[in-house]
Amino acid sequence: MLVVYIKGTNASAIEIVGNKNKFLIATESNIPITKSTTDKKHIKCGLIGEKLGHSFSPQIHKELADYSYTLFEMPEHEVGDFLNSNVFDSTNVTIPYKKTVMPYLDVISDEALRIGSVNTITRLPDGGLKGDNTDYYGF
């Protein structure tokens, strides 16, 4: 079972409680949520990186909710084509591609610009890509 508590009308974080764990996830209140991103059977999420064999992300996301979370391991020269595909609705980005992805994004949050890297990409309703850095809120 997944329980989500949103604190306040302009929440800066969402607390997610899974079967065994609690997670606090930073969010932005100005990102529009469309039907396709709220229908968990259709949402496609993942992680972009060079070497991902050590990642526990699929298990964590399986614990949180019932949606697809895929590890997208690829060499740097494939990142642009991947981002231009419709393979994902939202994806996390890990080292070494946190800066590599930035030129392919249509919108970059002020927080990501301040940090100089992106760790979360969301497909917008118009098909564009928005990059953010959730580490900003963690620090």
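**Burial, pairing and packing in the predicted model**

Visitor: Which residue is the bridge partner of K44 in β5?

Guide: The bridge partner of K44 in β5 is S68. Please note that this is a predicted model.

Visitor: What makes β4 a mostly covered strand?

Guide: Buried means under 20% relative accessible area. In β4, 5 of the 6 residues are buried.

Visitor: Why are β5 and β7 called edge strands?

Guide: The open sheet has 6 strands in the order β5-β4-β6-β8-β9-β7, with mixed pairing. β5 (68-73) and β7 (107-108) each have a single partner strand, so one side of each has no neighbour in the sheet.

Visitor: Which pair shows the antiparallel sense, and how many bridges does it have?

Guide: Strand β6 (residues 90-93) and β8 run antiparallel and are joined by 3 bridges. In this pair, S90 has T122 of β8 as its bridge partner.

Visitor: Why does R123 count as buried?

Guide: R123 belongs to strand β8 (residues 120-123). Its relative accessibility is 13%, and the cut-off for buried is under 20%, so R123 counts as buried.

Visitor: What surrounds R123?

Guide: Beyond its neighbours within four places in sequence, R123 is in contact with L83, S85, N86, F88, D89, G128 and L129. The C-alpha atoms of R123 and S90 are 6.0 Å apart, although the two residues are separated by 33 residues in sequence.

Visitor: How do you know where the buried residues of α2 lie around its axis?

Guide: In helix α2 (residues 57-64), the buried residues are S57, H61, E63 and L64. Seen down the axis, they fall within an arc of 155°, so they line one face of the helix. In general, an α-helix has 3.6 residues a turn, so residues three or four places apart point the same way.

Visitor: What does α2 lie across?

Guide: α2 lies across β4, β5 and β6, and its direction is at about 170° to that of β5.

Visitor: Do S57 and F56 count as buried or exposed, and why?

Guide: S57 is in helix α2. Its relative accessibility is 18%, which is under 20%, so S57 counts as buried. S57 touches L47 and Y69, with residues up to four places away in sequence left out. F56 is in the loop between β4 (44-49) and α2. With 59% relative accessibility, F56 passes the cut-off of over 50%, so F56 counts as exposed. The C-alpha atoms of F56 and L71 are 9.8 Å apart, and the two residues are 15 residues apart along the chain.

Visitor: What kind of peptide bond joins I95 and P96, and where is P96?

Guide: The bond between I95 and P96 is a cis peptide bond, with omega about 10°. P96 is in the loop between β6 and β7.

Visitor: How many helices and strands are there, and what share of the protein is buried?

Guide: The protein has 5 helices and 9 strands. Buried residues make up 39% of its 139 residues. Of the contacts with a separation of 6 or more, 44% are between residues 24 or more positions apart.

Methods: Residues are numbered from 1 along each chain as its sequence is written. This is a predicted model: local features need pLDDT of at least 70, side-chain atom pairs count only at pLDDT 80 or more; totals for chains, interfaces and linings use all residues. Side-chain values use heavy atoms; hydrogens and water are left out. Helices (H or I, at least four residues) and strands (E, at least two) are DSSP runs, numbered from the N terminus. Buried means under 20% relative accessible area, exposed over 50%, partly exposed in between (1.4 Å probe, protein chains only). Contact means heavy atoms within 4.5 Å. The arc is that of the directions from the helix axis to the C-beta atoms. Two strands pair if DSSP finds at least two bridges between them. Axes are lines fitted to C-alpha atoms, for helices over the stretch in contact, and angles run from 0 to 180 degrees between N-to-C directions.
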